[in-house]
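Here are my comments on the model you asked me to look over. They are set out as numbered points, to be read with the structure open.

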Amino acid sequence: MPMLLLWVSVVAASALAAPAPGTDRQRRRAAPAPNVVLVVSDSFVSTDGRLTFHPGSQVVKLPFINFMKTYGTSFLNAYTNSPICCPSRAAMWSGLFTHLTESWNNFKGLDPNYTTWMDVMEEHGYETQKFGKLDYTSGHHSISNRVEAWTRDVAFLLRQEGRPVVNLIPNKAKERVMEADWRNTDRAINWLRKEAINYTKPFVLYLGLNLPHPYPSPSSGENFGSSTFHTSLFWLKKVSHDAIKIPKWLPLSEMHPVDYYSSYTKNCTGKFTDKEIKNIRAFYYAMCAETDAMLGEIILTLHQLDLLQKTIVIYTSDHGELAMEHRQFYKMSMYEASAHVPLLIMGPGIKANQQVSNVVSLVDIYPTMLDIAGIPLPQNLSGYSLLPLSSEPSKNKRKVKNLRPPWILSEYHGCNVNASTYMLRTNQWKYIAYSDGVSVLPQLFDLSLDPEELNNIAAKFPEITYSLDQKLRSIINYPKVSASVHRYNKEQFIMWKQSIGQNYSNVIANLRWHQEWLKNPEKYENAINQWLKTHIASQFE
């Protein structure tokens, strides 16, 4: 592999050489529209994106992400619009914020007939193909996961996830650990070799990977979640254990109440040794290395087919992975490790070795894809094209760039968090509001001074907090959105309860929270009944 990478690096300088002078629009008119390949992984990357853009990061070898950094543009402050699979992907494929798609959780996404950017590109003459994980209409998640999301406002606290653990394949030669992802990568490569190479029209290819999402944990019971970090010695040896940092945690008593709920329901409030935490992070990084290799296979294939210089390659992820930061794993949080995502672009017309500090988000994918194809952008999109920030210098750059607001919005309305959450990220500040803006205290972090997000300074700087809250309310009426989600959750729960009939008590007791529920089932059923009464009462107010 090292020799192959060296060879690719040598040829890339000519393959991705800067185009002739002229404006972006002039170049697009003069040259055929480029092909586009979008690779989207899941749950990448921990430690607020440092793996993809911090030049001194030595924790794991990611040669192809580094390749894209060298020969393309890296967005240093890219965010998901909702830190969970389906709502994030709904935003990416629609170009709309989550409160506009109403993708509240992993099983409520876009309508299957929704017109995505790929549909529009196909209408304008692009050949299109997609492989692997999509999840923008609905995710594949259990009944237990749904009930947990619907009942997050109920006044109880129950462990839902399996405790995060690691699992090693003791084989130094085992490269293909996540076999389903490798099969989809092979399918994409086969399509490039047998189909795309023969097209006379430009093509757009999407590859969705499940890695580095944690693996299922069937040992945690019938309604198991995914709390196993799984890899082989082949990938683990690419991780520098000495470079792995143990994240700082606040004492349980000092955690924000929503964070405590998240940590508890994710089964993370118990005792963890430093060795356990370091292993979880090491295995996660190894899973990132395997993900990078799949991206690399696509890049190598494009080069071998003489398509690399004609193709814009984009790599990103639906959200991050906490990997034990803030005493949590998974995502579902507005902390950097969960909400910050990698975003890299390379190809014809894209500036090489450039790092962009502007805040951007996944709703920008939709207008970017259309802009690459030279297709006029709809007026209703929440996002903005990334080309003005990533293209070679042009006369129009400053004018277009100024249209982009200096903030991004992310929302979360699903399981493991007991209040709808709204994050406004600006150049310096991260402001997080909850629910109706009154019942749960907000958070404010100065990321320039507190990158680990351990000091909530909302009360210390009330003027800044107020100003950011007013800005957030000008973008989204978040108390109204929260109320809509509350109604949706109760309506969905009532429909589910009615569908279960007389077996309700037995079914709800044996969901993922069964170990704690069965200790006092009457207590927890009463809590749900009380919650439902307030719903019925509010209907007659």
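**Notes on the predicted model**

1. Cys 86 is buried, at a relative accessible area of 0%, where buried means under 20% relative accessible area, exposed over 50% and partly exposed in between, with a 1.4 Å probe and protein chains only. Cys 85 likewise counts as buried, at 2% relative accessibility.

2. As to the basis of these comments, this is a predicted model, in which local features need pLDDT of at least 70 and side-chain atom pairs count only at pLDDT 80 or more, while totals for chains, interfaces and linings use all residues. Residues are numbered from 1 along each chain as its sequence is written, and side-chain values use heavy atoms, with hydrogens and water left out.

3. How many disulfides does a search of the whole structure find? The search finds zero, a disulfide being taken as a pair of cysteine sulfur atoms within 2.5 Å. Cys 85 is in no disulfide, and the nearest cysteine sulfur to its own, that of Cys 86, is 8.3 Å away. Cys 86 is also in no disulfide, its nearest cysteine sulfur being that of Cys 85.

4. Strand S9 (residues 343-346) is covered on both faces, with Leu 343 and Ile 345 buried on one side and Leu 344 and Met 346 buried on the other; helices (H or I, at least four residues) and strands (E, at least two) are DSSP runs, numbered from the N terminus. In a regular strand the side chains alternate between the two faces of the sheet.

5. S9 pairs with two strands that I would inspect together, pairing requiring that DSSP finds at least two bridges. With strand S2 (residues 72-79) the pairing is antiparallel over three bridges, and Gly 72 stands opposite Met 346. With strand S7 (residues 311-317) the pairing is again antiparallel, over four bridges, and Tyr 315 stands opposite Leu 344.

6. Helix H18 (residues 478-500) has 23 residues and reaches 33 Å from its first C-alpha to its last, close to the expected 33 Å, the expected span being 1.5 Å times one less than the number of residues. Its buried residues include Tyr 478, Val 485, Phe 493 and Trp 496. Just after H18, Gly 501 takes a positive phi of about 70°.

7. The mean pLDDT (the predictor's confidence in each residue, from 0 to 100) is 90, and 88% of residues reach 70 or more. However, pLDDT stays under 50 over residues 10-29, which have 29 contacts beyond four places in sequence, contact meaning heavy atoms within 4.5 Å. It also stays under 50 over residues 395-401, with seven such contacts. Where pLDDT is low, the predicted coordinates should not be read in detail.
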